[in-house]
Amino acid sequence: MRITDTSDLWWKSAVVYCLDVETYFDSDGDGVGDLQGLAARIDYLAQLGVTCLWLMPIYPSPDLDDGYDVADFYGIDPRLGSFGDFVEGVRTARDRGMRVIVDLVVNHTSDRHPWFLAAKRSKDSPFRDFYIWRSDPPPKGQKNPVFPGEADGIWELEEKTGEWYLHSFYEHQPDLNIANPKVRDEIAKTVGFWLQLGVSGFRVDAVPSLLEIPEMADPHQYLRSVRQFLQRRSSEAILLGEVNLPYDEQVVYFGGEDGDELTMQFDFLAMQRLYLSLVRHDPAPLIGALQSRPDLPTEAQFANFVRNHDELTLDQLSDDERQEVFEALAPDESQRVFGRGIVRRLPTMLGGDPRRIRMAYSLLFTLPGTPVLFYGEEIGMGENTDDKSREAVRTPMQWSAERNGGFSDAAPSRLPAQLPGDGYAPAHVNVADQIEDRDSLLHFIRDLVARYRISPELGWGSLEIIAHDAPAVMVHRLTADVGSMVAVHNFADVPTMISFALPEEPDGTQLVDLLAADRLPLDEKGNVRMEIAPYGFRWLRVSRPGDGRVS
C-alpha cells in the first residue's frame, strides 16, 4: 500500500452513513424531510466522523416503495427540494470532507414512469422494448421470491394490449430490459448526469436481478461497461452493490481477479453470521464467514453493516439457524417478514443491553472492510412497532425530546412515518441529550469512528484469526504496510481471561489500547494475557520499538 492509495482509493477506509432525506430533517415545516434540512445537519455528520453520505432515492416517485419506484431518473422529488438544494448540499458536504453517493435503481421503474406509460399504450410504441413482455399466459402458481406474500407472482397482465410485463419486485415496478441498447444508453446517461452534479458514485440496487436477462449473452460484460463508463467520467467514483449471494457467486460481481465490475459489495453473509454469533454467545459462526471470504483485488472491498434500511435478512442461514435467531431476537411473529427477515433495529433486538450494543458496533468498525451506518444507529434508535413491514425502521430522525423528536414542526399526522414509542421514544433517545452526555452511545460511536479513521489497517489490512484458549472470545488481527491492530471481543456475559501470542514480533513490542490508557507488553515469547469484561472489547495497536507511529 502506497500513501497515495489512501486518497485514490478513499472508500477503502471510509465511514459510510445511509440516510433517507425524507425522514432526516424537515426545514420548512411541511412534515417531510428535505435537502435543505440535510444541509443544516452536515456539521453534525462531520462531527460524527462520516466521510461518505449514501442518500436513499431522492427521485420523483409515487412513493409506493419508499422511493424505490422511480418515475424520473433525471429529477428530484419536489417534496425534497430542487437541484439547487441538491448541488448546494453536495458542495457543503465536500467542504466538510464528505463525499455523496446516491441510489441507482435501474432494475425497474415505477409503472407511472413516462417510459412505461408510453410502452403500455401500444405494442408498436418506441418504448415497448424498454420493458419485458410475454404474450402467452405465465405459468400458474408462480411466487414472487423477493416479496413472498406481498407481490403476486412476477408477471402482471396489462389489459389494453393483452400482454404480461415482468416485475421482479412489486406489480407497480415493471422490470427494465437492459438487453435493449437504448435502455443501456439511458442508464449511462443517468450515471453521467448525477456524476456531473457532484456525486462520487452509486449504491446499486438489486444487482443480481438487474443482470437476470436471458437475451444477453454476457450480462457481466454490461456491468463491466458501466464501471468503465463511470471511471471515464470520474476516476474516484464507486459502485457499491447490493448482492445478497454466497461468496462464490458474489465474487463474480466484483469482476473476479480483474476487479473490474462492482467496487464494493455489502457482506450479507458475515452480517447474518454475526447475529447467529450474538445469539449463541459464540464467535465461531462469524469467524467461519470471515475465513471463507474470497480474496479480493486491491481495488475491491467488502462493506460491513449490522443494520440497513430493509428487513434484516437471514436468508443465507439454514432453516434451523434462522429459527434460532428469530426466537432470540424476534420472538413475536409480527417482528418478522417474508419468512426470512426481522423488522427491528439492533437495540431492541438486544434488549437495550448497552454492553452488547457497543460490542456489536466495535465489531463493525474492526472487521476487515468499510463500515456502513444506518441513520439513527449512532444514538440507538428503535423502530415503529405499529408498522409490521420492513419500513418499521425508517422512522424520522430523533434530534431532541421536543415535539416530533425535533424532526419537524408539522402536525404528527403529516410526518412520513410514526416515531418509536415506549423506551425508544424521542423523550428517551435523541441527539441533543446524548451530545451533552459523554457516556452516551453517540459519543461512543464518535470515539470508534475517530479511532477507525487513524487506523487505515482496518480498511486495508489482511485478516488473521488468532488462536487462543477462550471459545467465547474472538481475537483477530488486521495488518497492512501502515500498521497492525489486534481486536478482542467477548461474546459471553461473563468476564473471561484470555491468553494469546504474537510470536513473530520483536522484543519490546507493546499492545497499545486505543480505547483506554493502557499498554500491554508482550513477554519474551510474544505472549500476552488479559481479562475481558462481559461483552467487552479492546482495540490493540501493535507498537514495535522505534516504529514512530503515534498511538
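Strands here are DSSP runs of E at least two residues long, numbered from the N terminus. With that in hand, here are some notes on this predicted model.

1. **The loop at Asp523.** Aspartate 523 sits in the loop that runs between β20 (518–521) and β21 (527–532). Is this residue buried, partly exposed or exposed? Its relative accessibility is 33%, so aspartate 523 counts as partly exposed.

2. **What the Asp523 side chain meets.** A polar atom of the aspartate 523 side chain lies 2.8 Å from the backbone nitrogen of lysine 525. The backbone nitrogen of asparagine 527 is likewise 2.8 Å from a polar atom of that side chain. Elsewhere along the chain, aspartate 507 is 16 residues away from aspartate 523, and the two C-alpha atoms are separated by 8.0 Å.

3. **Helix α9.** Now to another part of the model. Which residues of α9 (residues 247–254) are buried? They are Tyr247, Gln250, Tyr253 and Phe254. Looking down the axis of α9, you will find these buried residues within an arc of 110°, so they line one face of the helix.

4. Just after α9 comes glycine 255, with a positive phi of about 100°.

5. **The largest cavity.** How many cavities of 30 Å³ or more does the structure hold? There are 5, and the largest of them has about 80 Å³ of space. Its lining includes Leu35, Leu38, Ile42, Leu53, Asp85, Phe86 and Val100. Two or more lining residues come from each of α2 (35–40), β2 (52–55) and α4 (83–95), and α4 gives the most, with 5 residues. By type, the lining of this cavity divides into 10 nonpolar residues, 1 polar and 1 charged.

6. **The second largest cavity.** About 70 Å³ of space lies here. Among the residues that line the second largest cavity are Asp20, Glu22, Asp63, Asp66, Asp77 and Arg79, along with Pro57, Ile58 and Tyr59. What is the make-up of this lining? The residues divide into 4 nonpolar, 2 polar and 6 charged.

Key: Residues are numbered from 1 along each chain as its sequence is written. Side-chain values use heavy atoms; hydrogens and water are left out. Buried means under 20% relative accessible area, exposed over 50%, partly exposed in between (1.4 Å probe, protein chains only). Helices (H or I, at least four residues) and strands (E, at least two) are DSSP runs, numbered from the N terminus. The arc is that of the directions from the helix axis to the C-beta atoms. On a 1 Å grid over the protein atoms alone, a cavity is a set of points where a 1.4 Å probe fits but cannot get out, and a pocket is an open set with protein on both sides within 12 Å along at least five of seven lines; lining residues have an atom within 4 Å of a point. Grid points are joined across faces, edges and corners, and a volume is the space filled by probe spheres set on the points. Ala, Val, Leu, Ile, Met, Phe, Trp, Tyr, Cys and Pro count as nonpolar, Asp, Glu, Lys and Arg as charged, and the others, Gly among them, as polar. A polar contact is a pair of N or O atoms within 3.5 Å; within protein, one must be able to donate a hydrogen and the other to accept it, and residues adjacent in sequence count only if both atoms are side-chain atoms.
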